[in-house]
Amino acid sequence: MPVKMSLFFDRAVNTSEGSINVNIAWHEKYPLLAIGAYSEEKGGYVCIYDDDGEVKDERSIPPHSTAQVTCLSWHPEKKILIVGWENGEIYLFVDSKSQCLKVDTLHQSAVTMLKWSTRGSRLISTDKNG
């Protein structure tokens, strides 16, 4: 049976001044929170917060100057985050290596869903064109 946990911060979690939070995803197993945001200065970007409510290294996932984050999904077992963008791009962030990799995809429009299988061996993605 999977172990469930709760994570509460004793203060508001804020992204950069002037940013709009557009997406959010909790990790089911680890105390990690990913927030996708957008600002005119940075463009689209993702911040990952730890169990103290502190931002982990912001440089791990590079901002996208022309696109917003459209969906986020944590791997069910590992510290791996998949990020979908409005231009159809998908990036895979591996926390243990602080590495962000672009995933080859056929999407030409905004990614609308990223869903891992129960054990994380497969990932499905959809875009606004179906």
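Trainee: What is the bridge partner of Trp74 in strand 5?
Mentor: The partner of Trp74 in strand 5 is Leu81. Strands here are DSSP runs of E with at least two residues, helices are runs of H or I with at least four, and both are numbered from the N terminus. This is a predicted model, in which local features need pLDDT of at least 70 and side-chain atom pairs count only at pLDDT 80 or more, while totals for chains, interfaces and linings use all residues. Residues are numbered from 1 along each chain as its sequence is written, and side-chain values use heavy atoms, with hydrogens and water left out.

Trainee: How many bridges join strand 4 to strand 5?
Mentor: Five bridges link these antiparallel strands; two strands pair if DSSP finds at least two bridges between them. A hairpin of five residues connects strand 4 to strand 5.

Trainee: And which residue of strand 6 does Leu81 stand opposite?
Mentor: Leu81 faces Phe93 in strand 6. Strand 5 and strand 6 run antiparallel, with five bridges between them.

Trainee: How many of the residues of strand 5 are buried?
Mentor: Six of the six residues are buried, so strand 5 is largely enclosed by the rest of the structure. Buried means under 20% relative accessible area, exposed means over 50%, and partly exposed lies in between, with a 1.4 Å probe and protein chains only.

Trainee: Which residues are on one side of strand 5 and which on the other?
Mentor: Ile80, Ile82 and Gly84 are on one side, with Leu81, Val83 and Trp85 on the other. As background, side chains in a regular strand alternate between the two faces of the sheet.

Trainee: Changing topic, where is Cys100?
Mentor: Cys100 is in strand 7, and it is partly exposed at a relative accessible area of 23%. Leaving aside neighbours within four places in sequence, Cys100 contacts Ser60, Ile61, Pro62, Tyr91, Leu92 and Phe93; contact means heavy atoms within 4.5 Å. The C-alpha atoms of Cys100 and Val83 are 9.9 Å apart, and the two residues are separated by 17 residues along the chain.

Trainee: What does the count of salt bridges come to?
Mentor: The count is two salt bridges, each being a side-chain nitrogen of Lys or Arg within 4 Å of a carboxyl oxygen of Asp or Glu. One joins Lys102 to Glu89, at 3.5 Å from N to O. Lys102 lies in strand 7 and Glu89 in the loop between strand 5 and strand 6, so this pair ties together parts that are 13 residues apart in sequence.

Trainee: Is Glu89 buried or exposed?
Mentor: Glu89 is buried, at a relative accessible area of 18%, whereas Lys102 is exposed at 52%.

Trainee: And which residue forms a salt bridge with Lys29?
Mentor: Lys29 is bridged to Glu77, with the closest N and O atoms 4.0 Å apart. Lys29 lies in the loop between strand 1 and strand 2, and Glu77 in the loop between strand 4 and strand 5, so the pair ties together parts 48 residues apart in sequence. Lys29 is partly exposed at 42%, and Glu77 is partly exposed at 38%.

Trainee: Turning to the rings, which residue lies over the face of Tyr45?
Mentor: Lys42 does, at 4.2 Å from the ring centre. The charged end of Lys79 sits over the ring of Tyr30, 4.8 Å from its centre. The rule requires NZ of Lys or CZ of Arg within 6 Å of the ring centre and within 35 degrees of the ring normal.

Trainee: What about Ser39, buried or exposed?
Mentor: Ser39 counts as buried, at 6% relative accessibility. It lies in strand 2, and it touches Gly18, Ser19 and Tyr45, not counting residues up to four places away in sequence.

Trainee: What order does the open sheet of three strands have?
Mentor: The order is 1-2-3, with antiparallel pairing. Its edge strands are strand 1 and strand 3, each pairing on one side only. Strand 1 and strand 2 are joined by six bridges, and Ile24 has Ile35 of strand 2 as its bridge partner.

Trainee: Finally, how many helices and strands does the chain have?
Mentor: The chain has zero helices and nine strands. Buried residues make up 40% of its 130 residues.
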